[in-house]
Amino acid sequence: MTFAAGDLVQLTDPRRKLHTITLEPGAVFHTHRGAVRHDDIIGAPEATVVASSDGTDYLALKPILEDYVLSMGRGAAIIYPKDAASIVGLAGLRFGSRVLEAGAGSGALTLYLLSVVGPQGTVTSYEARPEFADVARRNVTKWFGHEPPNWTLVPEALPAHPVVTGADAVVLDMLEPWECLEAAWHSLAPGGRLVCYVATTTQLSMTVESVRASGRFTEPRSTESLLRTWHLEGLAVRPDHSMNGHTGFLTVCRRLGDGVTLPVRKRRPAPGAYGPSYTGPRPPDVAADAD
Ligand SMILES: C[S@@+](CC[C@H](N)C(=O)[O-])C[C@H]1O[C@@H](n2cnc3c(N)ncnc32)[C@H](O)[C@@H]1O
């Protein structure tokens with residue numbers, strides 16, 4: 001495979017700093033270590049080294065989605081690759097799936113969703129803030145080289161009755177996903193998966209209890225994943241000293257069929273779980289005076 005005009009290229013400098021460029025005949029990429037001519041890359045085999053005008057070597061590779069997402073422009077905070085990969089798994093996505101997401105933010109998760117469902121699937125993304133929707137559109141278009149025809153971006157807050165019905169999965173990444181459970185229910189096919197991503201424990205509790213209180217989904221399950229990178233040099237083999245200790249929590253549940261109620265839980269909540277100081281939503285089978 002050789003590089004061609006229009007390709008995205010990731011240049012890595014000697015300090016391992018990444019720069020992503022789109023190849024254009026005659027164009028020049030200026031860095032503080034000299035200029036790199038796009039024409040020196042076009043036609044070269046993939047995974048090559050090009051020199052800038054001041055003799056600094058740059059490694060040129062086609063970026064994979066993870067590289068691109070971490071270096072692309074941002075409006076809102078993005079979902080990191082480790083969480084995007086978990087979401088894809090928890091939502092049971094595959095080639096041809098139909099997915100609804102809100103909010104699209106910078107489009108990071110959107111890119112993973114589109115990549116997994118492929119051209120046979122569809123992704124519909126709602127984004128309440130038009131300026132963030134523009135960022136998402138730019139990022140998605142740059143990655144694919146065009147706006148995917150199977151992607152619908154709606155620059156509005158998710159309404160109670162979204163344009164998509166019969167969806168295989170709904171993914172909510174916003175401050176208050178519990179406000180959108182009605183929308184998720186209307187959009188999902190029975191058995192469809194709802195995945196909510198939230199950053200704080202208070203949001204996590206509100207999300208889980210609201211899902212239970214709605215009585216319209218299966219028992220929610222929540223997870224958090226920590227990614228620890230390692231230092232590997234000769235005999236010095238150990239975890240890196242610093243890590244990104246927190247990104248977010250994921251909650252997954254499935255839409256029940258119309259008119260279906262969950263069988264009563266055999267296991268009762270822990271004593272005091274819904275005691276007097278608990279003020280959030282209550283599961284249908286837990287009385288307001290439970291202690
Ligand atoms: C953390 S960002 C999403 C990041 C995105 N998932 C990504 O990976 O780039 C949360 C976004 O949700 C949007 N938002 C909040 N409430 C919304 C709603 N009810 N409907 C649609 N978008 C909403 C916000 O404007 C914000 O852009």
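**Strands, sheet and loops**

Author: Leu-8 stands opposite Thr-22 in β2. Strands here are DSSP runs of E of at least two residues, and helices are runs of H or I of at least four, numbered from the N terminus. This is a predicted model, in which local features need pLDDT of at least 70, side-chain atom pairs count only at pLDDT 80 or more, and totals for chains, interfaces and linings use all residues. Residues are numbered from 1 along each chain as its sequence is written.

Reader: How many bridges join β1 to β2?

Author: Strands of a sheet pair through backbone hydrogen bonds, either parallel or antiparallel. Two strands pair if DSSP finds at least two bridges between them. Strand β1 (residues 8-12) is joined to β2 by 5 bridges, and the two run antiparallel.

Reader: In what order do the strands of the open sheet come?

Author: The 4 strands follow the order β2-β1-β6-β5, with antiparallel pairing. Because β2 (18-22) and β5 (48-51) are at the edges with a single partner strand each, one side of each has no neighbour in the sheet.

Reader: Is Arg-16 buried or exposed?

Author: A residue is buried if 20 or more other C-beta atoms, placed from the backbone, lie within 10 Å of its own, exposed if 12 or fewer, and partly exposed in between. Arg-16, in the loop between β1 and β2, has 7 such atoms within 10 Å, so Arg-16 is exposed. Its phi is positive, about 70 degrees, although Arg-16 is not a glycine.

Reader: Which peptide bond is cis?

Author: The bond from Ala-102 to Gly-103, with omega near -10 degrees.
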